[in-house]
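Subject: Structure handover

Dear colleague,

Please find the structure below, followed by notes on what turned up in it.

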Amino acid sequence: MCATIFLMKEQYFTPESIHALSSQWLTEYARPKRLKSQPFDINRAALLVLDMQKYFLNPDSHAYIPSATAILPGINQAISFFRTNQRPIIATKHVNSKNNAGMMAAWWSEIMTENHQLIGLHPDLDLKEEEIIHKNQYDAFYQSELSALLDASQIDQLVIGGVMTHLCCETTARAAFVQGYEVYFLVDGTATYNQKFHMATLQNLAHGFAVLISVEDLVEGIKI
């Protein structure tokens, strides 16, 4: 019974609730003192938007994330902020084949192949085609162009948003930390199936991997 409840989908983020919830979680989990040793510098940073695909944002999809549409305006705000500052924006599209799916094929009912009708990014995202790269695992660094793109722009700070909070976003944040990047995680710019998954990620990352921030914190220079 408990496991069933834990795995239920819920729309915890709505346009009305997203600000209050994210403010609450920042108060509970964020470590503002961490910014003294890891101050944000837009000139060293890139924005990474993970897997905002129709597969996860279309209500007709079995993988639909009910809270995902609520983070779209904030992600576009973050994109606009980075574009205005002429800083790198990278968005991932998760695409699998039988050859690269690995354990994804064993854990999920289907894999997202290139010809899947919902493979594309959500049309409301303010992205350019050249800002999109492919990934095939939870970790966006694994067998992708990500490291090379970040190295080419001399990036050492990474702001992460997208879906799912507790899978691709958390895994990529941990991988970025291990590779030496200073990580900033968007509390209201990520979404997943339910609050428990989201809150668990925030607690884990804040403890040892990433600085938690809101979109508002980001565009105002992270004054928290």
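Helices (H or I, at least four residues) and strands (E, at least two) are taken from DSSP runs and numbered from the N terminus. The model is predicted, so local features need pLDDT of at least 70 and side-chain atom pairs count only at pLDDT 80 or more, while totals for chains, interfaces and linings use all residues. Residues are numbered from 1 along each chain as its sequence is written, and side-chain values use heavy atoms, with hydrogens and water left out.

Backbone first. Glutamine 86 sits in the loop that runs from helix 5 (68–84) to strand 2 (89–94). Its phi is positive, about 55°, although the residue is not a glycine. Glutamine 86 counts as exposed because its relative accessibility is 71%; the cut-offs are under 20% relative accessible area for buried, over 50% for exposed and in between for partly exposed (1.4 Å probe, protein chains only).

Glutamine 143 also has a positive phi, near 50°, and is likewise a residue other than glycine. The loop between strand 3 (132–135) and helix 7 (146–152) holds glutamine 143, which is exposed at a relative accessible area of 54%.

There is a cis peptide bond from valine 163 to methionine 164, with omega near -15°. Methionine 164 belongs to the loop between strand 4 (157–163) and helix 8 (165–178).

Next, helix 2. This helix covers residues 18–29, 12 residues, and reaches 16 Å from first C-alpha to last, close to the expected 16 Å (1.5 Å times one less than the number of residues). Its buried residues are Ile18, Leu21, Ser22, Trp25, Leu26 and Tyr29. Viewed down the axis of helix 2, these fall within an arc of 135°, so they line one face of the helix; the arc is that of the directions from the helix axis to the C-beta atoms. An α-helix has 3.6 residues a turn, so residues three or four places apart point the same way. His19 and Thr27 are exposed on the other side of helix 2. The buried residues of helix 2 pack against helix 5, strand 5 (182–191), helix 9 (195–208), strand 6 (211–213) and helix 10 (215–219), with contact meaning heavy atoms within 4.5 Å.

Regards
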